[in-house]
Amino acid sequence: MGQPAALAAGGTGISYYARETRLEHQALTGLADWAGQFTPAITLLPGDGLLLEVSGSLRLFGGARALYRRLRDGIHELGYTGLLSMAPTPRGATWLARAGRSLLLHDQPALTRALMELPLSVLDLKAAQHKAFHRLGITTLGECQRLPREGLTQRLGTELLTHLDQAFGLKADPREYFVPSPRFDHRLELPSPVSNREALAFAANRLLAELTGALAARRAGTRQLQFELEHEDREPGRFCMNLVRASREAAHLRHLLYTRLETQPVPAAVTAVRLRADFETLAEVHASLFEAPEEMADTRLIERLRARLGETAVHGLALVPGHRPERAFRYCAPGDASAQAGPAGPVMTRRPVWLLAAARPLPIRNDTPYFDGPLRYGAGERIESGWWDDNPVLRDYFVARNPRGACLWIYREIVQPRRWFLHGFFA
Amino acid sequence: MNTQQLLDRADIWRGGRLPPAKREDSPHHSLSSGFDALDALLPGGGWPTGTLTEVLTEGEGVGALRLVLPALARMSQSQKKWIAWVSPPHVPYAPALAAAGLDLSRVLVVHADRNANRDWAIEQALRSGTCGAVLAWPASTDARVLRRLQLAAETGHSWGVLFRSLRHAAQPSPAAVRLQVEPDLSGISVQILKRRGGWATGPMSLDFEHALAVPASATTPAGGLHPGRYQQ
């Protein structure tokens, strides 16, 4: 060994939660998901802590000290106060944390020295055993270790003796690893109901940090984030953030979340926040990150705009073949490469740059259509189309000018009542 | 150093002439308007990007959009950046835009319902660095908002085109270029109210029929500009 290999975040430090097993388990699972970005070998210590096997990750994260700091800061950022110890054996690290020590120990001799001073309470002794040691005047692991082996076996039983040996690095300590779920689904119960948006953002951000950790662990991104804000006695409020391209960029997701939260109605105090997200492989996005950085940024603007203005607020424009003016275009996904593609139907000689969303009826004065003055117009263009569906078009179109010089696109119905309409502007 | 070298210096300005086109390291690049004579009057020889351009009109259908369309068309074909339309008053009509040479796949149409959202969206688009141009119909007339937009355009190296009512012509504005546009017989009449490094000009006529007949991908900008007189 001689290498730090294990790390435990002591659960007693999770002060944010009432000591309720269900909640602690939720919190630990969340942390485990988040910690997956540092190592795939994670063990849940039920209701108590997390064990990370980090010997394989040290080089990647710049050494034991750097990794220790990243973990400590990360846990703090998530809003937990944990005890963090890093040591060459998993049980050694666990016991250090359980005894309230936050230590980074690089080698076995240092760990052995530290363990010698730990109280016996880390051993989970039965009351009778505890009494027996007390009578002998033994209070630390060190004193315990100095007892003869046979006597120790009698007093502790083989299981606890094995634990001691594992802590001191004398016996192997295989663990079962945490299996991350295929979909992110975390719920954060708030210590007290919250109606203030900032406090809500803070809570939601914790879930987001867990999500980005989980995404990093899977080399994945997400394209859809579903939030649920639970209330005391009403239906939960739900909102969804959709991304154009899968991402796990923490700063971008946080920005989107805050933008979205600004417009999210919060009619009552929120008791819990839930975040669900799917994982999506990021391999291609990663590649394009280096090839076309401006492409990445593209979608971020769209996502930001949608987060505040709504999912349907941002479009691209595309041509649609056909004669009917109001159907010669459509809104499409931004950047749709096919926007320009396909035959534009007939060659449109003169079309206005602006089309009115709804044609505006024009008043008639002295038998002439009127818009800020009587309109002058030349030869017409007949458009008869759409007889096969419910929106047939039977119109004569004209390019018209009013006395101010404005250039308009107007039409007259071919059939009765032969009304005049303004349909666009050439400007 | 001879006189010519001296005169060629960027920081020496001769009366009656615009400063020479800015160099690459300048935050403001320029974009040919597609109208030769207008380019000659614009600072840097074209629409200045990384700043705001204000187009002031009275009423609709007067040609303000077509004034900037040739430059937009060329930009859409040379840059992989968005051309964002924030809260346009009507539907930007795809067939006409495509016919003018605009690559529709670069178009981003943003609908913002409330006024505050509208100004926010304009600023986001300008600042993002991913919009070559932002065409905007701002809700606010607040000078502070306009200054924010100007800063955002500088940050994002974007060309911000604000379409506003002629009513605001008397208001001070941080825009690098302010133009007044009115319709005339064959196109529009343009009057530069303000330009960086130059004085205001009298009205001049731009001929659209000519300019729009040439696809924007053509190398030479087309179109005639005839100061002081109307065509035809």
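This talk walks through a two-chain predicted model, from whole chains down to single residues.

Some ground rules. The model is predicted, so local features need pLDDT of at least 70 and side-chain atom pairs count only at pLDDT 80 or more, while totals for chains, interfaces and linings use all residues. Residues are numbered from 1 along each chain as its sequence is written, chains are lettered from A and ligands numbered from 1 in the order in which they are written, and side-chain values use heavy atoms, with hydrogens and water left out.

Chains first. Chain A has eleven helices and 19 strands. Helices here are DSSP runs of H or I with at least four residues, strands are E runs of at least two, and both are numbered from the N terminus. Of the 427 residues in chain A, 50% count as buried. Buried means under 20% relative accessible area, exposed means over 50%, and partly exposed is in between, with a 1.4 Å probe and protein chains only. Now contacts, meaning heavy atoms within 4.5 Å. Take those in chain A with a separation of 6 or more: residues 24 or more positions apart account for 59% of them.

Chain B next. Its secondary structure comes to seven helices and twelve strands. Of its 232 residues, 57% are buried. Residues 24 or more positions apart make up 63% of the chain B contacts with a separation of 6 or more.

Now helix packing in chain A. Helix 8 of chain A, residues 197-217, packs on helix 9 of chain A, residues 250-263. The angle is about 150°, and the axes are 10 Å apart. Axes are lines fitted to C-alpha atoms, for helices over the stretch in contact, and angles run from 0 to 180 degrees between N-to-C directions. That makes helix 8 of chain A roughly antiparallel to helix 9 of chain A. The cut-offs: under 35 degrees is roughly parallel, over 145 roughly antiparallel, 65 to 115 roughly perpendicular, and the rest oblique. The crossing of these two helices is right-handed. Handedness works like this: left-handed if the near helix is turned anticlockwise from the far one by less than a right angle, right-handed if clockwise.

Who touches whom? On helix 8 of chain A, the residues include Leu200(A), Ala204(A) and Leu208(A). On helix 9 of chain A, they include Leu253(A), Leu257(A) and Tyr258(A). By class, this contact of helix 8 with helix 9 of chain A has nine nonpolar, two polar and three charged residues. Nonpolar covers Ala, Val, Leu, Ile, Met, Phe, Trp, Tyr, Cys and Pro; charged covers Asp, Glu, Lys and Arg; the others, Gly among them, are polar.

Second pair. Helix 3 of chain A, residues 90-98, and helix 4 of chain A, residues 108-116, have axes that come within 11 Å and cross at roughly 40°. Helix 3 and helix 4 of chain A are therefore oblique to each other. Their crossing is left-handed. Gly92(A), Trp95(A) and Leu96(A) of helix 3 meet Leu111(A), Ala114(A) and Leu115(A) of helix 4. That contact divides into five nonpolar, one polar and no charged residues.

On to the rings. Over all chains, the structure holds 18 aromatic pairs. Rings of Phe, Tyr and Trp (its six-membered ring) pair if their centres lie within 6.5 Å; planes under 30 degrees apart are stacked, over 60 edge-to-face, the rest tilted. Trp34(A) and Phe38(A) are edge-to-face, at 5.3 Å centre to centre and 70° between the planes. Both Trp34(A) and Phe38(A) are buried.

In chain B, the rings of Trp47(B) and Trp159(B) have centres 5.4 Å apart and planes at 25°, so the pair is stacked. The pair links distant parts of the chain: Trp47(B) sits in strand 2 and Trp159(B) in strand 8 of chain B, 112 residues apart. Trp47(B) is buried at 0% relative accessible area. Trp159(B) is also buried, at 0%. Trp159(B) and Val134(B) are 25 residues apart in sequence but 6.2 Å apart in space, C-alpha to C-alpha.

One aromatic cluster takes in residues of chains A and B: Phe329(A), Tyr331(A), Tyr397(A), Trp409(A), Tyr411(A), Phe421(A) and Tyr93(B).

Gln124(B) lies in helix 5 of chain B, residues 115-127. Gln124(B) is buried, with a relative accessible area of 15%. Leaving aside neighbours within four places in sequence, Gln124(B) is in contact with Leu301(A), Arg304(A) and Leu305(A).

Ser32(B) is in the loop between strand 1 and helix 2 of chain B. At 24% relative accessibility, Ser32(B) counts as partly exposed. Ser32(B) and Gly46(B) are 14 residues apart in sequence and 4.4 Å apart in space, C-alpha to C-alpha.
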